[in-house]
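Dear colleague,

Please find below the structure that I am handing over to you.

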Amino acid sequence: MKHLVAPSILAADFGQLAHDIDMINRSEADWIHCDVMDGLFVPNISFGMPILKAVQKVAKKPMDVHLMIEKPDRYLEAFRDVGANILTVHLEACVHLDRTLHAIRDLGMKAGVAINPSTPVELLSEVIHLIDVVCVMSVNPGYGGQKFIPYTYDRVRRLKALIAAKEASTLIEIDGGVAEKTAPALLEAGADVLVAGSYVFNSDDPVGTIQGLKGLLNF
Ligand code: DX5
Ligand code: ZN
């Protein structure tokens, strides 16, 4: 499978959000990555339902909603209703992950699980068949523009092997510090989806930058 690219709108200009979503629509991007932060699970607060609703109005690509919130079960249906196509919860925020994954699927969305850099990927072993996308955090979640953590490569390789051993069709998404320096080795290690925030939105030519990420060799 050719890898996917998901620009993160955390780095967008919220004063002209429709313009930035339109840029993604016109680009080769596959998904629109939306980071929801509650100030509890992570130190930062980003945005919630009203912004997602605004994105939904203009988005022509699937919305990949990454929840960095405590007790996400409270809001699964609400996020579906504001446009989430892929809904990702954090393993560290879910006491009953099996139940949460079933609930997301029953609501008609694809189910994602994000894992912090310090969490062993092997903890996903039992439920991997229920996960459409594992979001491997390559920075500590909470902020855009952070430095990529190099031990991520090894985590991706181990996760890829786990998915193959279980004969699952789970995609591996990488989130944090994805740029021209890190992306090729991530694809080589087994990444299927590249999330990129500051690398795309801080560039002079965001459409061209997305095209560059899409054009990388897929291993
Ligand atoms: C971080 C978020 C990321 C963030 C990535 O907690 O989950 O999606 O937007 O930003 P960059 O690509 O700038 O590291
Ligand atoms: Zn994210």
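Predicted model: local features only at pLDDT ≥ 70, side-chain atom pairs only at ≥ 80, totals over all residues.

Residues are numbered from 1 along each chain as its sequence is written, chains are lettered from A and ligands numbered from 1 in the order in which they are written, and side-chain values use heavy atoms, with hydrogens and water left out.

The largest pocket holds about 240 Å³ of space. A pocket here is an open set of points, on a 1 Å grid over the protein atoms alone, where a 1.4 Å probe fits, with protein on both sides within 12 Å along at least five of seven lines; lining residues have an atom within 4 Å of a point. Grid points are joined across faces, edges and corners, and the volume is the space filled by probe spheres set on them. Of the 24 lining residues, Tyr143, Gly144, Gly145, Asp175 and Gly176 are closest to the centre of this pocket.

Ligand 1 sits in the largest pocket, which means that more than half of its atoms lie within 2 Å of the grid points. Of the 20 residues around ligand 1 (a heavy atom within 4 Å), the nearest are Asp35, Gly142, Asp175, Gly197 and Ser198.

- Ser198, at 2.5 Å
- Asp175, at 2.6 Å
- Ser8, at 2.8 Å

On its own, ligand 1 has 380 Å² of accessible area (Shrake-Rupley method, 1.4 Å probe), and the protein covers 99% of this area. Strand E2 gives the most residues to the shell around ligand 1, namely three; strands are DSSP runs of at least two residues, numbered from the N terminus.

Yours sincerely

Conventions: Polar contact = N/O pair within 3.5 Å; in protein donor to acceptor, adjacent residues only side chain to side chain. Helix = DSSP H or I, 4+ residues; strand = E, 2+ residues; numbered from the N terminus.
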